[in-house]
Amino acid sequence: MAIFPSIESSPEFDKLIENYPDVLKSLFGIAEGSSITSGAGYLDVELFSLMLPLLVLVLAIGSGARTFAGEEDAGRLELVLSYPVRRRDAVLAKGAAVAAEIVLVCAAAGLAIALLDPLVGLDLSFGHLGGAILSLAALGVLHGWTALAVGATAPSRALAIGVPASVAVAGYLVNGLHELAGWLDPFRFLSPFWLLGSSPLQGGIDAWGTFVVFAVSIAVLAAGSLLVERRDLEAP
Amino acid sequence: MPERVASTIAAEMAESPAVETVGLSKTYEGRVHALIGLDLRVERGEVFGYLGPNGAGKSTTIRLLMGLIHPTSGSAALFGADTRTKGLTSRRSVGYLPGDLRLADRLTGREQLESLARLRGSLDAPLRDELCERLDVELDRPIRQLSKGNRQKLGLVQAFMHRPQLVVLDEPTAGLDPLLQGEVRLLLRETVEDGRTVFLSSHSLDEVQHVADRVGIIRSGRLVDVDAVESLRERSLRHVTITFAEPVDPGPFAALDGVRVTGAENSVLKLSAPETTMDALVKVTAHHPVVDLVSQPADLEEIFLELYREVGDGR
């Protein structure tokens with residue numbers, strides 16, 4: 001972020017980016033007509049199109065997989081679930097903790113960007129920044145809860161990490177390539193990245209898409225909390 | 001619910017046994033028959049020893065009772081509450097010590113006990129403190145720094161600290177020194193004197209016979225026998241190795257009831273003998289000058305072999 005002032009004053013950067021192949025532009029979420037020399041456009045390219053989602057996904061999937069599949073793997077659920085606790089309540093409580101962790105980290109990132117804004121002159125809209133942070137949190141919660149729900153359904157830490165990681169990679173690629181590869185286009189609705197919009201920081205939050213992502217997250221967690229009752233807990 | 005029906009149910013609950021299983025079976029992955037048609041009834045106020053070699057199905061039974069795994073067929077109930085359909089109720093009255101205890105390594109003992117107590121909603125602090133004192137529990141060090149024995153003590157405290165109506169212990173004295181094993185035995189006796197119930201699994205007859213009222217023996221997933229402890233003691237074998245000052249005739253030893261001579265070399269005599277003939281054995285031994293006498297309990301597998309041999313002889 002500290003080098004933004006030098007980029008802002010050089011329009012050549014926009015030309016440079018304009019000359020990037022379409023594949024790269026669309027993969028990195030550089031929207032048509034967006035400008036790296038605007039504060040929001042710069043942050044989109046530098047942070048919001050890849051870096052922050054990647055960090056949040058790693059954190060979310062790790063946290064979601066650790067809290068159930070990891071605990072079961074370590075044999076620590078044996079004692080906890082022998083207590084008068086409903087398994088589904090345990091899953092829901094763990095879901096709340098995973099979501100809280102993600103929201104906290106996203107809020108901290110948003111706060112840091114908001115505090116740095118006046119120092120480097122990004123000139124951001126705080127409404128759009130809030131929207132971008134919320135979209136980021138929605139992305140994290142979806143994948144974190146998927147990791148938790150998969151771990152609750154099947155006793156496998158590999159699946160609890162692998163399934164949401166595959167969802168993330170597939171979602172990212174579909175969103176990045178659907179405009180270039182026509183056969184992918186019908187699947188774009190399945191990509192959380194597409195649903196959340198290519199650039200809430202510049203264009204504002206996609207309220208409907210974000211709502212859908214949260215709704216799917218809740219459905220996934222609910223499914224996990226029901227399926228966990230049916231299965232055997234692995235012995236330590 | 002009409003009042004009469006409610007009171008009938010309450011009365012049934014009050015009379016139902018601590019543990020009751022009907023045709024309880026568990027098959028893993030469609031192949032391994034871990035438990036086959038277990039019919040078991042543990043009355044209130046007794047210490048029930050659940051005895052079997054490793055892999056016989058003890059832990060499977062206990063994990064079924066705790067609702068951690070679901071039966072393939074049959075059912076289990078604690079105080080009349082089915083472990084599958086009324087799991088929350090059935091688990092409320094139980095304290096459980098897993099056979100392979102895993103605690104939260106980063107917490108201290110105190111934090112671990114408090115976090116577990118929160119799952120029940122309340123903590124009986126005086127009882128916890130009394131148990132910790134009796135078992136000499138290390139409360140303020142992180143669990144990862146504790147030895148196996150010290151972790152096991154924490155596991156025992158959490159199983160007893162809410163004064164449960166039923167205590168289910170899977171190999172409870174593993175890793176404990178003899179002094180503490182004695183303390184645990186005392187704790188179990190006090191529990192049943194209080195009218196409460198203990199379900200104790202072990203692979204060691206010696207561990208069970210001093211504390212249990214009745215013993216169930218399980219082998220390869222089947223309940224072989226349920227018996228009072230006294231009758232088991234008659235089957236309780238000892239391996240006795242006697243070193244004499246001079247070679248002796250094994251004849252008089254072999255003539256003792258139930259004694260088998262398994263080896264006689266020079267002045268060393270090896271025997272297997274039931275605990276009940278120890279007195280007679282020592283008296284015969286005393287006719288000769290003795291250098292050394294070692295008596296060790298046979299393991300359960302050998303007692304089974306002896307059991308089956310007897311059955312075979314009877315035919």
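## Stop 1: helix α7 of chain A

Select residues 87-120 of chain A, which form helix α7. At 1.5 Å a residue (the expected span is 1.5 Å times one less than the number of residues), these 34 residues should span 50 Å, and the end C-alpha atoms are 49 Å apart, which agrees. Helices here are DSSP runs of H or I with at least four residues, strands are E runs of at least two, and both are numbered from the N terminus.

Before going on, a word on what is on your screen. This is a predicted model, where local features need pLDDT of at least 70, side-chain atom pairs count only at pLDDT 80 or more, and totals for chains, interfaces and linings use all residues. Residues are numbered from 1 along each chain as its sequence is written, while chains are lettered from A and ligands numbered from 1 in the order in which they are written.

Which residues of α7(A) are buried? Colour A:Arg87, A:Ala90, A:Val91, A:Lys94, A:Gly95, A:Val98, A:Ala99, A:Ile102, A:Cys106 and A:Ile113 to see them. A residue is buried if 20 or more other C-beta atoms lie within 10 Å of its own, exposed if 12 or fewer, and partly exposed in between, with C-beta atoms placed from the backbone. Now show what covers these buried residues: the cover includes α5 (51-73), α8 (126-153) and α12 (207-227) of chain A.

## Stop 2

Then select A:Asp123 in the loop between α7 and α8 of chain A. Is A:Asp123 buried or exposed? A:Asp123 has 11 other C-beta atoms within 10 Å, so it is exposed.

## Stop 3: helix pairs in chain A

Two packed helices are described by the angle between their axes and the distance between the axes. Here, axes are lines fitted to C-alpha atoms, for helices over the stretch in contact, and angles run from 0 to 180 degrees between N-to-C directions.

Show α7(A) with α12(A): their axes are 8 Å apart, at an angle of about 150°. That makes the two helices roughly antiparallel (under 35 degrees counts as roughly parallel, over 145 as roughly antiparallel, 65 to 115 as roughly perpendicular and the rest as oblique). On the α7(A) side, pick A:Arg88, A:Val91, A:Leu92 and A:Gly95; they meet A:Leu221, A:Gly224, A:Ser225 and A:Leu226 in α12(A). This contact has 4 nonpolar, 3 polar and 1 charged residues. Ala, Val, Leu, Ile, Met, Phe, Trp, Tyr, Cys and Pro count as nonpolar, Asp, Glu, Lys and Arg as charged, and the others, Gly among them, as polar.

Next, bring up α8(A) and α9(A), the latter being residues 157-177. Their axes come within 8 Å and cross at roughly 145°. Residues of α8(A) in this meeting include A:His143 and A:Val150, and those of α9(A) include A:Pro164 and A:Val167. By class, the contact holds 9 nonpolar, 3 polar and 1 charged residues.

Zoom out to take in chain A as a whole, with its 12 helices and 0 strands. Of its 236 residues, 44% are buried.

## Stop 4: over to chain B

How many helices and strands does chain B have? Chain B has 12 helices and 14 strands. Buried residues make up 37% of its 315 residues.

Select α5(B), residues 125-135, and α6(B), residues 148-160: they pack at about 150° with axes 10 Å apart. This angle makes α5(B) roughly antiparallel to α6(B). B:Arg128, B:Leu131, B:Cys132 and B:Leu135 in α5(B) meet B:Lys153, B:Leu156, B:Val157 and B:Phe160 in α6(B). The contact has 6 nonpolar, no polar and 2 charged residues.

Two loop residues come next.

- B:Arg163 sits between α6 and β7 (166-170) of chain B, and its phi is near 50°, a positive value in a residue other than glycine. With 12 other C-beta atoms within 10 Å, B:Arg163 is exposed.
- B:Ser220 lies between β9 (214-219) and β10 (222-228) of chain B, with phi also near 50°. B:Ser220 is partly exposed, having 14 other C-beta atoms within 10 Å.

## Last stop: where the chains touch

Finally, show both chains: 16 residues of chain A are in contact with 17 residues of chain B. Two residues are in contact if their C-beta atoms, placed from the backbone, lie within 7 Å. The chain A side divides into 10 nonpolar, 2 polar and 4 charged residues.
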